[in-house]
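I opened this entry to record what I looked up, step by step.

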Amino acid sequence: MIQQEISTLFRKFQEVNALIIGDVMVDSYFKGKVNRISPEAPVPVVSLEQRENRLGGAANVAINMKALGANPILCAVVGNDEFANVFEQLLEKREMSNAGIIRSGVRYTTVKTRIIGNNHQLLRVDAEIDKPLSKKENEDLLDRIDDIISTSKIDVIVFEDYNKGVLTKQVIQHVIKLAKKHGIPTTVDPKSENYFEYKGVTLFKPNLKELEEGLNMKINAADPAELSNAADLLAKKLDNEISFFTLSEKGVFIKSKDEQYSVAAHVRNISDVSGAGDTVIAVASLCLALDQNIKTIASLSNLAGGLVCEKVGVIPIDREHFFDEALVLMHGEK
């Protein structure tokens, strides 16, 4: 892929309307310095210097897409609470619509609080309700999704599953059927709860742990033959077109009916892997929406996931840095 092709692809990211459905959350950070151990217990004392709230979960997929110039539309259910207000304020700050956000009076907004001392994560505290949506919440969410798809040009639908209850069987099956009716490609970043409910999706992207748990088998991530066999087993169960496995330090593996590729991880100074999977599915989904081949999907997504791991915390991809690195990568592959 030459420079002109990369430039064209990155420019076309701006034309993509992506519908992201899944579990959203607020990532809350307490950052400071650690200079001593508590006299009360053998734990570090963090001298607080900064508090920050960021969009997380499925919303992190959206902000990665937004960072690349695309138009993401989030559909999710939050509580009717203080952190729902924080969430919508963060959406507004990033100039993203809240049209797909449903407020529930019986749930509360998921918040993941990370304590960071000396640029290292020391502790995480999760506040969440992970029960499946009620019948009414299902209906309200599906009505909103139907309305968005019928009134907007949607180029790709992303299921971002964090096992917090938004992606119920009813939601998954309804949306996949609707996507097929409208000819919209679908991508999935799965978790274990509804792993095999995503029948008929276009691209299915588990990490190695999720793949092994889903298929109930150990897989050697360094062996393309084992990965290929796993992709075949997955396709038999899901009837998906593309299997895309993220393998941490082993890179990624991708397979369609006609071809397969293994892409090695790039040597990076890893600071924090939080949110890397969100970045990978965001880039893969945009590339799929623009009809890129599976090798390009795997190469660019793998690169993007590695870049965000160099930062502490859940940070969206930097478009200019990604573009520069993509030029080097694709020229090298030529």
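I am working from a predicted model. I traced the strand order first. Nine strands form an open sheet, ordered β5-β4-β1-β8-β9-β10-β11-β12-β13, and the pairing is mixed. I then looked for the edges. They are β5 (101-104) and β13 (260-263), each of which pairs on one side only.

Next I checked how β1 meets β4. Strand β1 (residues 17-22) and strand β4 (residues 71-79) run parallel and are joined by five bridges. In that pairing, Asn17 stands opposite Asn71 of β4.

Which strands does helix α4 touch? I found α4 (residues 135-151) packed on the sheet, in contact with β1, β4, β5 and β8 (156-160). The direction of α4 makes about 165° with that of β4.

**Four-stranded sheet**

I looked up the other strand order, β3-β2-β6-β7. This is an open sheet of four strands with mixed pairing. β3 and β7 (120-127) are at the edges with a single partner strand each, so one side of each has no neighbour in the sheet. From one strand to the next, the twist averages 20°.

I took β6 and β7 as the pair to inspect. Strand β6 (residues 111-117) runs antiparallel to β7, and seven bridges join them. Gly117 stands opposite His120 in β7.

Two helices came up here. α2 packs on this sheet and touches β2 and β3, with its direction at about 75° to that of β3. α3 lies across β2, β3 and β6 and runs at about 70° to β3.

**Helix α3**

I tested the length of α3 (residues 82-93). Twelve residues at 1.5 Å a residue should span 16 Å, and the end C-alpha atoms are 17 Å apart, which agrees.

Which residues of α3 are buried? I listed Ala84, Val86, Phe87, Glu88, Leu90 and Leu91. I then asked what the buried residues of α3 pack against. The partners are β2 (24-37), β3 (44-57), α2 (58-67), β4 and β5. After α3 comes Glu95, and I noted its positive phi, near 60°.

**Salt bridges**

I counted 13 salt bridges.

Lys31 with Glu52: the closest N and O atoms are 3.4 Å apart. The pair links distant parts of the chain, with Lys31 in strand β2 and Glu52 in strand β3, 21 residues apart. Lys31 has a relative accessible area of 19%, so it counts as buried, the limit being under 20%. Glu52, at 25% relative accessibility, counts as partly exposed. I also found a network of salt bridges that links Lys31, Glu52 and Arg54.

Lys136 with Asp140: the side chains meet in a salt bridge, 2.8 Å from N to O. Both residues lie in helix α4, four residues apart, about one turn of the helix. An α-helix has 3.6 residues a turn, so residues three or four places apart point the same way. Lys136 is exposed at 55% relative accessibility. Asp140 is partly exposed, with a relative accessible area of 25%.

Glu210 with Lys191: the closest N and O atoms are 3.2 Å apart. Glu210 lies in helix α6 (residues 208-215), and Lys191 lies in the loop between β9 (186-189) and β10 (203-204), so the pair ties together parts that are 19 residues apart in sequence. Is Glu210 buried or exposed? Glu210 is buried, with a relative accessible area of 9%. Lys191 counts as partly exposed at 24%.

**Leu247**

I finished on a loop residue. Leu247 lies between β11 (242-246) and β12 (252-255). Its relative accessible area is 3%, so Leu247 is buried. Which residues does Leu247 touch, not counting residues up to four places away in sequence? I got Leu208, Ala221, Leu227, Val252 and Phe253. I also looked up the separation from Asn220. The C-alpha atoms of Leu247 and Asn220 are separated by 10.0 Å, and the two residues are 27 residues apart along the chain.

Technical notes:
Residues numbered from 1 in each chain as written. Predicted model: local features only at pLDDT ≥ 70, side-chain atom pairs only at ≥ 80, totals over all residues. Heavy atoms only, no water. Pairing = 2+ DSSP bridges. Contact = heavy atoms within 4.5 Å. Axes fitted to C-alpha atoms, helices over the stretch in contact; angles between N-to-C directions. Expected span 1.5 Å × (residues − 1). Buried < 20%, exposed > 50% of the residue type's maximum accessible area, 1.4 Å probe, protein only. Salt bridge = Lys/Arg side-chain N within 4 Å of Asp/Glu carboxyl O.
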